[in-house]
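Subject: A structure to look through

Dear colleague,

I am passing on a structure that I would like you to read slowly, with the notes below beside it.

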Amino acid sequence: MAHEGPDSSNSYGRNIRNNAGLFHDLRQRTASGLFNDADRAYRAKFLKAQQYSARDQAYHFFYLWDNPEFRKARLNPLRRIWQAPGEAFERALRPALGLKNAFATKFLLSKAMWGLGLVWAGSYYFLYNRGDWTRAGGFKAISSKPMTAPTNPNFPKPDPAYQRHEPADYFSQGFKSSKVGAELKPSVPTTW
């Protein structure tokens, strides 16, 4: 919990009304002459108000979020608009699945849709991103040398087509085999 500071107040500076009254403490109630019949009637009314009725006990927390004023007080307008389709879907599932299962279905389905979108975006990127020397940024897909299979005539030795002999062979990203790359010349001399 964060430090609230010396001037903070959970009631925003207003006095908190003690509904239990003066006699919430047992010692004050048992003191002679202080606790009279009016106080007993108030105490009985207070204790009765603290007991939950069958309706109060049946009221589920999920119903609280159906109240538009409750949602308006806790969620900003963009979040309420963003969540509207999922909430409508959840309310449609409640008669068949119940409160908890409808919420869990909505939650898991929405997260699965997010995951599917990420998988689609990643697969699109890695399928259609060239990842060669012509792009300065982005992810680079690096492929390893393939295994020398027994059907290869060079087996069991490494295939010379994939051997690297010069420093420029490492991470060339297709620069050495490119026609444009062969025509590029440095603007400053490379030897003195």
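Predicted model: local features only at pLDDT ≥ 70, side-chain atom pairs only at ≥ 80, totals over all residues.

**Aromatic pairs**

A pair of aromatic rings is described by the distance of the centres and the angle of the planes. The structure holds 10 aromatic pairs, and one of them is formed by phenylalanine 62 and phenylalanine 103, whose ring centres are 5.4 Å apart and whose planes stand at 40 degrees, an arrangement that is called tilted. Because phenylalanine 62 belongs to helix H4 (residues 61-64) and phenylalanine 103 to helix H7 (residues 99-128), this pair ties together parts of the chain that are 41 residues apart in sequence. Are the two partners buried or exposed? Phenylalanine 62 counts as buried, at 15% relative accessibility, while phenylalanine 103 is partly exposed, with a relative accessible area of 33%.

Phenylalanine 126 and phenylalanine 139 also form a tilted pair, with ring centres 6.2 Å apart and planes at 40 degrees. Here the pair links phenylalanine 126 in helix H7 with phenylalanine 139 in the loop between H7 and helix H8 (179-183), and the two residues are 13 residues apart. Phenylalanine 139 counts as exposed, since its relative accessibility is 58% and the cut-off for exposed is over 50%. Elsewhere, Phe61, Trp65 and Phe70 form one aromatic cluster.

**Helix H7**

Which residues of H7 are buried? They are Leu99, Ala102 and Lys106, and these buried residues pack against H4 and against helix H6 (77-97). As background for reading their numbering, an α-helix has 3.6 residues a turn, so residues three or four places apart point the same way.

Rolling a probe the size of a water molecule over the atoms shows where empty space is left. The largest pocket has a volume of about 650 Å³, and of the 22 residues that line this pocket, the closest to its centre are Gln83, Gly86, Glu87, Lys106 and Ser110. H4, H6 and H7 each supply at least two residues of the lining, and H6 gives the most, with nine residues. By class, the lining of the largest pocket has 12 nonpolar, three polar and seven charged residues.

The second largest pocket holds about 380 Å³ of space, and of its 15 lining residues, the closest to the centre are Ser143, Arg164, Asp169, Phe171 and Ser172. The lining of the second largest pocket divides into six nonpolar, six polar and three charged residues.

**Residues in the loops**

Most residues other than glycine have a negative phi, and most peptide bonds are trans. With that in mind, the loop between H7 and H8 deserves a careful look. Phenylalanine 171 is found in this loop, and it has a positive phi of about 50 degrees although it is not a glycine. Glutamine 173 is found in the loop between H7 and H8 as well, and its phi is also positive, at about 55 degrees, although glutamine 173 is not a glycine. What is glutamine 173 in contact with, once its neighbours within four places in sequence are left aside? Its contacts are Gly131, Asp132, Trp133, Lys140 and Ala141, and glutamine 173 is buried, with a relative accessible area of 19%, where buried means under 20%.

Proline 156 lies in the loop between H7 and H8 too, and the peptide bond that leads from phenylalanine 155 to proline 156 is cis, with omega near 10 degrees.

Finally, histidine 60 has its place in the loop between helix H3 (54-58) and H4, where it is partly exposed, with a relative accessible area of 35%. The C-alpha atoms of histidine 60 and lysine 111 are separated by 24 Å, and these two residues are 51 residues apart along the chain.

With best wishes

How values were computed. Residues numbered from 1 in each chain as written. Heavy atoms only, no water. Phe/Tyr/Trp six-rings, centres within 6.5 Å; stacked < 30°, edge-to-face > 60°. Helix = DSSP H or I, 4+ residues; strand = E, 2+ residues; numbered from the N terminus. Buried < 20%, exposed > 50% of the residue type's maximum accessible area, 1.4 Å probe, protein only. Contact = heavy atoms within 4.5 Å. 1 Å grid on protein atoms, 1.4 Å probe; cavity = no way out; pocket = protein on both sides within 12 Å on 5 of 7 lines; lining within 4 Å. Points joined across faces, edges and corners; volume = space filled by probe spheres on them. Nonpolar A, V, L, I, M, F, W, Y, C, P; charged D, E, K, R; others polar.
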